[in-house]
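Colleague: Could you walk me through this fold and tell me what stands behind each label? I would like every term set against its cut-off.

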Amino acid sequence: MKTAVPCYYHLDVEVSPERVGQVSRILAAHLRYWDLENLTDPVCRGTELLLRAIHQHASDKHTSIEMWWNGQHLITAFGDDDPDLRPDQDLRACLADIAAMSDGWGCCASDTGSKIIWFSQRARAGERVPLVPLAPAPTLRQGLEVPRELPVTVLAAPAGAPDDTLAATAAAGDDGLAAPAAVLGDTLEGSR
C-alpha cells in the first residue's frame with residue numbers, strides 16, 4: 001500500500017454558473033493527482049451543490065475552497081464572508097444532501113467572522129491499492145502414490161525388537177493388525 005502523504009489545495013472562486021463546472025473539474029484533477037479517483041464523484045457533487053446554493057442565496061459571491069488529505073480522510077471546506085447567508089435557512093436543503101453523501105460534515109464560524117462549511121470523505125481500506133494479478137501456482141498434473149510394502153503398524157515397532165518380529169508381523173495377514181499385538185507381547189516378555 002502506498003504511504004499516505006498529506007496533501008493540501010486552496011482555491012479562491014468568484015461563484016457564477018459557468019464556474020461551477022470549472023471548479024468541479026479542477027478539484028477532480030487534483031484528486032486524480034493524489035490517487036483518490038474513487039472520491040471524485042462525491043466531492044464534485046458536494047462542491048456543485050454548495051456552489052449553486054452560494055450563487056443562488058449569497059450576496060457576496062466570493063468563496064474559498066480548501067481540500068486536505070491526511071491519509072485517511074479527505075476534507076473539503078468552503079469559506080465565505082457573506083453575513084446574510086444563513087446555513088440553517090438558506091442552505092438547509094443543500095446541507096441535507098451533503099450530509100447524506102458524506103461521512104462527516106459541519107458548519108462553523110471562523111475568527112474573522114466568516115462561515116466555514118465542510119464535509120469529509122473517508123478512503124476505505126485498500127481502495128488506493130491497485131490490484132495486481134498473481135501468477136498461478138504450479139500444480140501436479142497427476143498424483144503419485146507411494147507404495148507400502150509393510151503395514152503402518154509394522155513401521156511403528158518398538159526399537160530393539162528382534163528381526164523376526166517384523167517377519168512375523170508381515171506374515172500375519174493382509175491387514176497386519178491381529179498378529180502384532182501377540183508378537184509384541186512375546187517380545188516384551190522375552191526382554192524381561
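Colleague: What makes this an open sheet of 5 strands with antiparallel pairing?

Modeller: The strands follow the order 1-2-3-5-4, with antiparallel pairing. Strands (E, at least two residues) and helices (H or I, at least four) are DSSP runs, numbered from the N terminus, and two strands pair if DSSP finds at least two bridges between them. Strand 1 (7-14) and strand 4 (104-109) each have a single partner strand, so they stand at the edges with one side left without a neighbour in the sheet. Neighbouring strands are turned by 15 degrees against each other on average, direction ignored; axes here are lines fitted to C-alpha atoms, for helices over the stretch in contact, and angles run from 0 to 180 degrees between N-to-C directions.

Colleague: Good to have that. What kind of model is it, and how is it numbered?

Modeller: It is a predicted model, where local features need pLDDT of at least 70, side-chain atom pairs count only at pLDDT 80 or more, and totals for chains, interfaces and linings use all residues. Residues are numbered from 1 along each chain as its sequence is written, and side-chain values use heavy atoms, with hydrogens and water left out.

Colleague: How do you know that strand 3 and strand 5 pair?

Modeller: Strand 3 (residues 73-80) and strand 5 (residues 115-122) are joined by 8 bridges and run antiparallel; the rule asks for at least two, so they count as paired. Ile75 stands opposite Ser120 in strand 5. Strand 4 and strand 5 are also antiparallel, with 6 bridges, and Cys107 has Ile117 as its bridge partner in strand 5. Their hairpin has 5 residues between the strands, and Gly113 takes a positive phi near 95 degrees in this hairpin.

Colleague: Why is Asp35 called partly exposed?

Modeller: Its relative accessible area is 28%. Buried means under 20%, exposed over 50%, and partly exposed in between (1.4 Å probe, protein chains only), so 28% falls in the middle class. Asp35 lies in the loop between helix 1 and helix 2 (40-57), and has a positive phi of about 60 degrees although it is not a glycine.

Colleague: And what makes Cys44 and Cys94 buried?

Modeller: Cys44 has 11% relative accessibility and therefore counts as buried; Cys94, at 8%, is buried too. The structure holds 0 disulfides, a disulfide being a pair of cysteine sulfur atoms within 2.5 Å.

Colleague: What makes a set of residues a nonpolar core, and which residues touch the most other members of the largest one?

Modeller: Such a core is a set of buried Ala, Val, Leu, Ile, Met, Phe, Trp, Tyr and Cys residues joined through side-chain atoms within 4.5 Å. The largest has 31 residues, of which Trp34, Leu50, Met67 and Leu74 touch the most other members. Helix 2 gives the largest share, 5 residues. Leaving aside neighbours within four places in sequence, Met67 is in contact (heavy atoms within 4.5 Å) with residues including Leu27, Trp34, Val43 and Leu74.

Colleague: How confident is the predictor overall?

Modeller: The chain averages a pLDDT of 74, and 58% of the residues score at least 70; pLDDT is the predictor's confidence in each residue, from 0 to 100. Over residues 125-129 the pLDDT is below 50, and this stretch has 8 contacts in the model beyond near neighbours in sequence.
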